[in-house]
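Have a look at it first, then read on.

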Amino acid sequence: MRYMMLIYTKEMTEGVTPEDMARVMAAHGAVMDDAARRGILLGAEPLARTSSATTVRMQNGKPLITDGPFAETKEQLAGYYILECANLDEAIEWAARIPTACKGGEGCIEIRPMPGLPARAESEAPAGQAESVNA
């Protein structure tokens, strides 16, 4: 089963040293290297700060575009991993290794199974895409 590990962190602008960030990046590197060696790393990316977000809501059939994140929260989505794990227990073991101080403050990892999309008939699939995206 594919699992997405959503990394939530507390964005901080003060008190974070370059050395702190280097330690966090090294820890991410170690997790990604180990997962890649085991053949289960399907993707991992950091996200830019929430100040760069754009939110789109549909209102009366028209898009309403707002600068910034969709909600005020104590923790912000900082990035993700996608790992192929045998079960939730294995996903939890990996999540426990992922650092959450990506933007300065400690946070948490939310684990979500990725069951995939149902197969679509070839006539329904967008041009250039396979019949199924259940990788």
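## Ground rules

This is a predicted model, where local features need pLDDT of at least 70 and side-chain atom pairs count only at pLDDT 80 or more, while totals for chains, interfaces and linings use all residues. Residues are numbered from 1 along each chain as its sequence is written, and side-chain values use heavy atoms, with hydrogens and water left out.

## The hairpin

Strands S3 (residues 54-59) and S4 (residues 62-67) run antiparallel, joined by 6 bridges. (Strands are DSSP E runs of at least two residues, helices are H or I runs of at least four, both numbered from the N terminus; two strands pair if DSSP finds at least two bridges between them.) Gln59 sits opposite Lys62 in S4. The hairpin leaves 2 residues between the strands, and Asn60 in the turn has a positive phi of about 55 degrees.

## The core

The largest nonpolar core holds 15 residues, and Met5, Ile7 and Trp94 are among those with the most contacts inside it. Such a core is a set of buried Ala, Val, Leu, Ile, Met, Phe, Trp, Tyr and Cys residues joined through side-chain atoms within 4.5 Å; buried means under 20% relative accessible area, exposed over 50%, partly exposed in between (1.4 Å probe, protein chains only). S1, H1, S5 and H2 each supply at least two of this core's residues.

Thr9 belongs to strand S1 (residues 2-11) and is buried, at 0% relative accessible area. Ala27, in helix H1, is partly exposed at 29%. Ala27 and Pro99 are 72 residues apart in sequence, yet 6.6 Å apart in space, C-alpha to C-alpha.
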